[in-house]
Amino acid sequence: MKVDPGAMGRATVKIAFLALVLFIIFGPLSSLAIWSVAEKWYWPYALPQQVGLFYWGRVLGSDLMRSLQLGFFIATVVTMLTLLCTVPVGYALARFDVLFKSVIMMLFLLPQAFPQLPVFANAAVLLYKFDLGATIPGVVLIHMVGSLVYAVWIMTAVFKSIPVEMEEAAINLGASRIRAFLSIALPLAVPGIVASSLLVFLYSLDEFTGTLLIGAPFVVTLPVFMYNASMGYELQVASITALLLMIPGMVLLVLLERYLKAEYLSMFGRI
Amino acid sequence: MVKVALDNVSKSYGKVRALHETTLELEPGALTAILGPSGCGKTTLLRSIAGFIKVDSGRICFDGRDVTELPPQERDTAMVFQNYALWPHMTVFDNVAYGLKLKKVPASEVRRRVMDALELVEMVDILGVEGIESRKPPELSGGQQQRVALARALVVQPKVLLLDEPLSNLDAKVRQRVRVEIRRLQKRVRITTIHVTHDQEEALSIADSVVVMDKGKVIQVGSPQEIYRRPQSAFVAEFLGSSNVLTGQLCRADQTISVGGIKLSCATAAEGKATVVFRADEARLAGEEAQVQGNVVVFQGEVEETLFVGSAFRHFVKIGTELVMVDSPESSPFRRVKVVVPREKVQIYPLEG
Amino acid sequence: MRRLENAFWFTFAVPTVGIVLVLFFAPFLYSAFGSFQSKSGQLTLDNYALVARLYTKDVLYTVGIAAFSLAIVLFIGILLCGYLRVYGNKLVEFLFKIPLFVPFVVVGHAMRVFLAPHGILNSMVAQIGLINLDNPPSLAYSWLGISLALAWKNMAMAVLLILGAFRSVHETYLEAARNFGAGAIRQTLDVLLPMSASSLAVASVLMFTSMLASFSIPLMIGGGKGAQMTMIDVYYRITYQGDYGAANALGVVSYLLASGAAIYYLRTVTRK
């Protein structure tokens with residue numbers, strides 16, 4: 001094997017490029033890690049003078065744990081309800097000429113294209129009228145607006161990708177439509193359903209705008225908790241919370257990496 | 001005119017050996033067809049010559065110059081792709097001119113050479129100058145796209161022209177015509193041309209020389225007539241046409257081979273299984289009782305099925321446990337038949353190992 | 001039988017459509033009507049007059065920031081995806097997916113401490129002597145900070161969408177160009193970009209509207225004074241002044257800004 005004189009140069013460029021990418025991606029995130037262990041950090045020092053896990057101990061014994069539990073509870077409920085609603089609807093939209101099909105599809109597209117905040121602010125007024133303001137059901141409902149819109153599209157795509165002939169073969173042999181759905185389409189859709197429920201779960205866990213408008217001050221999930229801490233200049237507390245908030249997303253990213261479908265994610269990026 | 005030589009070239013994808021110690025010399029100025037079933041390594045061979053694939057070992061030389069490590073653009077090869085790969089957002093003119101623009105050829109010369117190339121493939125008359133400057137590839141027919149793709153390759157005056165199954169996306173009728181045109185064009189420009197195909201008829205009709213490949217290896221090289229008339233292995237014989245392949249048992253002691261219930265004399269130094277091959281159109285059928293004379297091989301069999309295939313009737317005849325095809329102009333009136341093959345048309349290949 | 005089956009599927013559609021209708025479309029229409037009502041419920045255009053007087057600058061500021069972020073994202077995204085498409089680099093591709101899974105609030109907070117006057121970025125730049133920390137420039141609490149944070153968060157989406165579009169361009173189109181000596185940049189600009197122009201346009205529209213509507217990021221790193229992103233104005237108008245009329249008028253303006261983009265997006269998506 002000959003030694004290529006250009007190879008060294010190319011390797012250097014490649015390493016420099018990788019370093020730049022690492023800096024762009026992890027630079028902002030690294031400040032969270034540093035702040036989370038900074039017990040004493042005053043200007044003009046570039047790094048904290050005193051490093052330790054003091055704040056971690058304090059935070060983990062605080063309200064944060066309650067917010068964490070609450071967030072997981074809400075996310076679980078939202079995911080289950082969303083699945084229950086969207087699996088049949090996605091199937092119907094993929095398979096049948098449902099009445100007003102294009103209108104329904106449009107209905108589930110528009111929320112993705114318009115700003116959420118002004119809408120949610122008015123939805124909050126509505127929810128308060130029904131005594132759902134600052135309650136867990138209220139927050140679940142507002143999370144479901146976003147997750148339904150997103151999940152209907154994924155489910156429709158999932159069922160569209162399953163060849164209709166598979167079910168027709170079953171119906172041809174005497175199965176009813178519903179039986180064909182339960183024994184053929186549903187099992188084949190499982191990977192797509194799992195992927196989308198993970199994404200819905202994460203969406204609910206990370207949702208901020210709706211939770212802030214409807215949940216405050218009694219329903220405080222982790223993102224709202226972090227926002228309060230950051231605004232109160234409790235930078236250590238906020239940074240630790242931020243790190244905790246990132247964990248589910250990172251786990252999911254690694255999990256999905258193998259069968260990550262771009263079209264599912266592209267919608268996720270917006271909400 | 002450039003001589004292309006491959007010396008011990010190997011390429012693997014993981015455990016799959018796409019090219020295995022391939023050594024090959026291609027005549028300058030000739031059209032060489034590389035023929036083989038899909039997955040035989042022919043496309044890998046072509047793309048290695050183009051420089052899109054880095055080979056694992058071995059050397060590729062153009063006129064003695066080692067190009068193995070050179071990137072595609074420094075090899076002076078031009079490729080015509082199976083799907084033509086004409087950029088759909090550029091006009092016909094821009095497509096053809098692209099290579100020249102990258103070479104920083106002055107605009108006036110670009111224009112002249114683009115028009116010359118399109119003239120060569122007879123597209124100027126079809127589209128007109130205006131059409132060339134305004135039409136985009138998706139608006140053209142398959143055959144027209146094919147010509148534009150050829151013009152785009154030829155305009156840079158390559159030393160080696162590479163054709164990757166260029167006819168496979170065309171209708172059967174158009175394919176016949178374009179085949180003739182490619183042949184004529186190649187004779188005119190005399191660029192060393194490598195034409196990859198899985199269509200044996202196309203390879204035989206178009207090429208000066210045919211290379212048959214299987215499982216990453218070159219099986220046989222020769223003129224189309226040689227390849228067709230004297231296949232050197234059962235694989236080539238079978239691949240090149242409607243051939244019958246029977247399994248026989250060689251016997252060194254009495255210099256014979258047992259096949260289909262008969263014994264043939266056969267000079268052999270080997271013992272064990274062998275493949276016996278003859279072509280469907282070189283055998284004929286005779287009634288069970290018929291007297292057959294001459295230096296021929298005769299099998300006894302039963303006609304199981306007769307199909308009309310247009311040019312002939314194809315009989316499927318059961319000989320012992322094996323089924324052979326025999327083509328003849330008339331449907332055989334007999335059920336129990338003799339399959340008669342001239343002795344010199346029966347090829348025997350000892351099985352390796 | 002047929003009717004029974006239809007009823008079965010319809011049962012599931014009711015809550016799904018119902019929630020979206022009641023909690024998205026009703027408030028959406030309500031905010032539109034509310035923008036034409038005074039506090040006492042009379043029809044009026046006062047809210048819009050107020051918005052024009054107080055928030056014209058903010059609307060322009062918002063559009064400017066979204067456009068600037070989009071420019072950053074597209075510039076880096078196209079070059080990066082061209083590189084990834086031509087040469088491939090699994091690690092870099094994976095790294096650029098990370099921001100997609102970092103919640104908006106976390107991005108806001110991280111950028112706040114990263115870009116602060118004495119934040120990590122300034123500290124690092126000061127180490128190599130480019131700036132003086134006694135008088136540090138502040139990227140956080142400025143339009144540039146918001147733009148960078150938005151660009152960072154949207155870069156993942158951009159890479160996902162652009163790379164997806166680039167990947168759908170068949171390899172032979174690139175090889176045909178490489179055959180003539182086109183390098184990665186030429187292949188990107190001459191072949192990949194024009195051949196995926198329509199997908200890129202949709203991606204740009206998506207990102208532009210989501211940046212216009214961004215709330216949590218500017219909420220965390222926007223400045224207390226000076227121009228604000230419109231969503232922040234809407235939020236403050238409601239929480240601090242309880243002025244739903246003006247907030248809704250501003251909301252309608254933001255719908256209109258998004259709708260140009262939304263119509264284009266809808267047309268492309270529904271055409272399929």
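Select helices α2 and α3 of chain B, whose crossing is right-handed (a crossing is left-handed if the near helix is turned anticlockwise from the far one by less than a right angle, and right-handed if clockwise). Helix α2 covers residues 92–102 and helix α3 residues 107–120; their axes come within 9 Å and cross at roughly 115°. Axes here are lines fitted to C-alpha atoms, for helices over the stretch in contact, and angles run from 0 to 180 degrees between N-to-C directions. Helices (H or I, at least four residues) and strands (E, at least two) are DSSP runs, numbered from the N terminus.

This is a predicted model, in which local features need pLDDT of at least 70 and side-chain atom pairs count only at pLDDT 80 or more, while totals for chains, interfaces and linings use all residues; side-chain values use heavy atoms, with hydrogens and water left out. Residues are numbered from 1 along each chain as its sequence is written, and chains are lettered from A and ligands numbered from 1 in the order in which they are written.

On α2(B) the contact (heavy atoms within 4.5 Å) is made by Val92(B), Phe93(B), Val96(B), Ala97(B) and Leu100(B), and on α3(B) by Val110(B), Arg111(B), Arg113(B), Val114(B), Met115(B) and Leu118(B). These residues divide into nine nonpolar, no polar and two charged. In this division, Ala, Val, Leu, Ile, Met, Phe, Trp, Tyr, Cys and Pro count as nonpolar, Asp, Glu, Lys and Arg as charged, and the others, Gly among them, as polar.

Remain in helix α3 of chain B and select Arg113(B). Is Arg113(B) buried or exposed? With 14% relative accessibility, Arg113(B) counts as buried; buried means under 20% relative accessible area, exposed over 50%, partly exposed in between (1.4 Å probe, protein chains only). Leaving aside neighbours within four places in sequence, Arg113(B) touches Leu100(B), Val105(B), Val155(B), Val156(B) and Gln157(B).

Move to Ser48(B), in helix α1 (residues 42–50) of chain B. Ser48(B) is buried as well, at 1% relative accessibility. Beyond neighbours within four places in sequence, the contacts of Ser48(B) are Leu19(B), Ile53(B), Val55(B), Ile60(B) and Arg75(B). Thr68(B) is 20 residues from Ser48(B) in sequence and 8.5 Å from it in space, C-alpha to C-alpha.

Two backbone positions in chain B come next. Glu21(B) is located in strand β2 (residues 16–26) and has a positive phi of about 45°, although it is not a glycine. Arg190(B), in the loop between α6 (172–189) and β8 (192–197), has a positive phi of about 50° and is likewise not a glycine. Arg190(B) is partly exposed, with a relative accessible area of 39%.

Turn now to chain A and its helices α7 (residues 164–172) and α8 (residues 177–206), which pack at an angle of about 145° with their axes 9 Å apart. Their crossing is right-handed. Met166(A), Glu167(A), Ala170(A) and Ile171(A) of α7(A) meet Arg177(A), Ala180(A), Ile184(A), Ala185(A) and Leu188(A) of α8(A). The contact comprises seven nonpolar, no polar and two charged residues.

Select helix α10 (residues 222–231) of chain A: eight of its 10 residues are buried, among them Leu222(A), Phe225(A), Tyr227(A) and Ser230(A). The cover of these buried residues includes α3 (64–95), α8, α9 (209–215) and α11 (235–256) of chain A, together with α4 (104–115) and α10 (216–221) of chain C. After α10(A) comes Tyr233(A), with a positive phi near 55°.

Proceed to chain C, which has 12 helices and zero strands. Its C-alpha trace spans about 75 × 70 × 30 Å along the principal axes, and buried residues make up 60% of its 272 residues.

In chain C, select Phe215(C). Apart from neighbours within four places in sequence, Phe215(C) is in contact with Leu117(A), Phe208(A), Thr209(A), Leu212(A), Met231(C), Ile232(C) and Tyr235(C).
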